[in-house]
Amino acid sequence: MPGQQRDTERDFDAVIVGAGLAGLYMLHRLRGMGFSTRVFETGTAIGGTWFWNRYPGARCDIESLEYSYQFSDEIQQEWEWTERFASQPEILSYINHVADRFDLHGNIQLETRVEQARFDEAENRWAIRTNAGHEYRARFCIMATGCLSCRNTPDFKGLESFQGESYHTGDWPHEGVDFHSKRVGVIGTGSSAVQSIPIIAEEAEHLTVFQRTANYSVPAQNKPLDPAVQSRIKADYAGFRERNSNSFFGTLGDFENAGPSAKAISPEERDRFYEAAWKRGGVPFLNTFDDLMIDKESNDTAVDFICHKIREIVDDPEVAERLIPRQTFGCKRLCVDTDYFSTFNRPNVSLVDVSENAIEEVTPSGLKLADGDDFALDAIVLATGFDAMTGALLAIDPHGKSGVTLSEKWSEGPQTYLGLAVSGFPNLFTITGPGSPSVLSNMVPSIEQHANWIADCLGYLHETGHERIEATRAAETAWVAHVNEVANGTLYPKCHSWYVGTNVPGKTRVFMPYLGYAPYVEKCNEVAANGYEGFELSR
Ligand code: NA7
C-alpha cells in the first residue's frame with residue numbers, strides 16, 4: 001500500500017499490463033492516489049490498439065468527440081479533432097499528447113511482455129514474470145490488455161514458405177507498405193479488411209479479396225469535423241458526455257431513432273428512415289429502430305435495405321450476390337466503410353469466395369484453394385482478426401489460488417464478476433474484461449469507468465485496512481448467467497462471430513460482452529456503494 005518499504009524497482013502496489021488507452025488512464029489514477037505503479041508494455045511505444053493497427057485506412061468507428069477521455073476538461077477543450085471519425089495516426093498523436101501532458105512515460109516499461117502472473121497466497125501479492133526473465137511483485141495486478149489485441153493468424157499450411165511479403169493488419173509495419181505494381185491478396189472481410197481494401201486497391205496492380213463470410217457494411221460518411229460543431233459540443237462537453245453515458249451503448253453518435261419497431265410503419269416510411277441513417281453514416285444505423293436486434297422480422301427489413309444498396313452499388317450482379325451477407329444483420333460487428341462495395345467495380349479487383357472452397361495452403365508463390373485453384377501473389381494481407389476478449393488475458397497465463405490457471409478456469413468460456421474480477425484470482429482486475437459492455441460500447445468511456453471503479457476500490461481497501469479482494473463464486477455465477485440471459489433475449493449471439501469466439505478454432509462458444517452500458521454502470525456503482533457486494537474483502 002502507499003508508502004510501504006520495499007525494493008522500489010521490483011515491488012509495486014500495482015502492476016498494469018498494457019499501455020493503451022486503458023493502461024495509461026489507470027496509471028494516471030493510481031499514481032495520483034500515491035500508489036507505486038509500473039506499466040509493462042510489449043510494444044516499442046505506447047498506444048495499444050492504435051500503436052499496432054496501422055494498416056491503410058485504419059480509423060475509429062465512433063465519432064472523435066466521443067472516442068476520447070473525459071477525465072480532464074482541459075484536454076477535452078484544447079484537443080482539436082480534425083475529422084468526424086479519427087484516423088489511427090490522429091488517435092495515436094492524441095494518446096501521446098495525453099501521456100506527455102500527465103508525464104506518464106516514466107512509469108512505463110516498454111518492450112516488455114508479461115509472460116506469467118502468479119498469485120502468492122501467503123503474501124497476498126502477484127508475482128509477475130516478463131520475457132526478460134525478471135520477476136516483479138505487486139499487491140494488485142491490473143490487466144489493461146485490450147479486447148482486440150491478440151492476433152488471430154490462421155494456421156495455413158505453408159505460410160512460412162511464402163516468398164512474397166505477408167502482413168497482419170494488427171501488426172502493420174511502421175514505415176508503411178508500398179503495394180504499387182504488386183499482386184496483393186487480402187484474406188478476410190471484417191472491419192480491418194473493409195477499411196483497408198479500398199486503399200490497397202488504389203495502389204495494387206491487382207487485388208484479390210478472399211472472402212469467407214460476406215459482411216454488412218454501412219458508409220462512414222466521414223468528413224472534416226465542422227469547427228462550429230466542435231465548438232458547440234465543447235461549450236457543453238459535460239452535458240454531451242452525460243447524454244451519451246445514459247444511453248444503452250454509452251454512445252449516441254449522429255442518430256435519429258425512428259421508433260420502437262421497424263414493423264410498425266409502412267415499408268416506404270421505413271426505407272426513408274434507413275435512407276436517412278445511411279446518409280448520416282456509421283454504426284448508429286443499428287439503432288434506427290429499437291427492435292432491430294431483437295426481432296428477426298424487423299432485422300430482415302434492414303437486411304433488405306442494405307442488400308438493395310449493395311446490388312445498386314456493385315455493377316456486376318454476380319459479384320454483388322457474392323457480397324450479399326447471409327447472416328442476421330448486426331450479429332457480427334457492423335462494418336463502417338468508405339467506398340468498400342464500389343471498390344469491387346474496379347477492373348483490378350476480384351472477389352473470391354472461400355466459404356465452401358477454403359484456402360488450402362499458402363505456396364511459395366501465392367495461395368491455393370481446396371479445389372486446386374491457385375492465385376499468384378506478391379503480397380498477402382491477413383485481415384484475419386483477433387482472439388477477442390480472452391486471448392490477451394490467457395496469454396499472460398495467470399495462476400490464481402491453489403495454482404489454478406485462468407485457462408483451466410475458463411475452459412468452458414470466460415467467467416467473471418462484472419467483467420472486472422475473477423473468483424479464485426484475488427487482487428486481479430480486468431479493464432473491459434469479458435462480461436462487461438466493452439466492445440458493445442464506446443471503449444474510452446468504458447475504460448474510464450472501469451479504471452475509476454478499480455481506483456476507488458483500491459482506495460477503499462487501503463482506507464479500511466484490507467489487503468485482499470476476491471469476487472465470490474456465487475456472485476460470478478449469477479453475473480455470467482445474467483450476461484447470457486440478456487444476450488439470449490437478442491439476436492446478437494445468433495451467428496458465427498468473434499463476439500461468441502467462433503472465429504478461433506477450438507474456442508468455446510460463449511457470448512462475451514455485456515449488453516447495456518447504462519444499466520451496467522448503475523450495477524457497478526451499486527456494488528461499490530454496498531461495500532463491494534459480491535466480493536470478499538480480507539486483511
Ligand atoms: P474480424 O472482424 O474478426 O474479421 C476477420 C476476417 O478474417 C473475417 O472476415 C474472417 O472470416 C476472416 N478469416 C479468419 N480466418 C480465416 C480463414 N482461415 N480463411 C478465410 N478467412 C478467414 O477482424 P477485424 O480485424 O476485421 O476486426 C476486428 C475488430 O477490430 C472490428 O470488429 C472492430 O471492432 C475493430 P469469418 O467472418 O470468420 O468467416
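Which residues of strand S2 (residues 37-40) point one way, and which the other way? In this predicted model, Thr-37 and Val-39 point one way from strand S2, whereas Arg-38 and Phe-40 point the other way, and all are buried. In a regular strand, the side chains alternate between the two faces of the sheet.

**View 1**

**View 1. The packing of helix H1 against helix H14.**
The crossing of H1 and H14 is right-handed. On the side of H1 the contact is made by Leu-21, Ala-22, Tyr-25, Met-26, Arg-29 and Leu-30, while the residues that H14 contributes include Val-444, Ile-447, Glu-448, Ala-451, Asn-452 and Asp-456. Taken over both helices, the residues of this contact divide into 11 nonpolar, 1 polar and 3 charged.

**View 2. The open parallel sheet that contains S7 and S16.**
An open sheet of 5 strands, with parallel pairing, has the order S7-S16-S8-S9-S12. S7 and strand S12 (349-353) are its edge strands, each pairing on one side only, and neighbouring strands of the sheet are turned against each other by 20° on average, with direction ignored. The pairing of S7 with strand S16 (residues 379-382) is in the parallel sense and extends over 4 bridges, and in S16 the bridge partner of Tyr-167 is Val-381.

Asn-152 is found in the loop between strand S6 (135-143) and strand S7 (165-168). Its relative accessible area is 11%, and Asn-152 therefore counts as buried, the cut-off for this class being under 20%. Leaving aside neighbours within four places in sequence, Asn-152 is in contact with His-168, with Thr-384, Gly-385, Phe-386 and Asp-387, and with Asn-503 and Val-504.

**View 3. The open antiparallel sheet S13-S14-S15.**
Three strands in the order S13-S14-S15 form an open sheet with antiparallel pairing. Its edge strands are strand S13 (359-363) and strand S15 (374-376), each of which pairs on one side only, and neighbouring strands of this sheet are turned by 20° against each other on average, direction ignored. Strand S14 (residues 366-369) pairs with S15 in the antiparallel sense over 3 bridges, and Lys-368 stands opposite Asp-374 in S15.

**View 4. Arg-232 in helix H6.**
Arg-232 is found in helix H6 (residues 227-235). Because its relative accessibility is 57%, Arg-232 counts as exposed, a class that begins over 50%. From C-alpha to C-alpha, Arg-232 and Asp-7 are 50 Å apart in space, and they are 225 residues apart in sequence.

Definitions and conventions: Residues are numbered from 1 along each chain as its sequence is written. This is a predicted model: local features need pLDDT of at least 70, side-chain atom pairs count only at pLDDT 80 or more; totals for chains, interfaces and linings use all residues. Side-chain values use heavy atoms; hydrogens and water are left out. Two strands pair if DSSP finds at least two bridges between them. Helices (H or I, at least four residues) and strands (E, at least two) are DSSP runs, numbered from the N terminus. Axes are lines fitted to C-alpha atoms, for helices over the stretch in contact, and angles run from 0 to 180 degrees between N-to-C directions. Buried means under 20% relative accessible area, exposed over 50%, partly exposed in between (1.4 Å probe, protein chains only). Contact means heavy atoms within 4.5 Å. A crossing is left-handed if the near helix is turned anticlockwise from the far one by less than a right angle, and right-handed if clockwise. Ala, Val, Leu, Ile, Met, Phe, Trp, Tyr, Cys and Pro count as nonpolar, Asp, Glu, Lys and Arg as charged, and the others, Gly among them, as polar.
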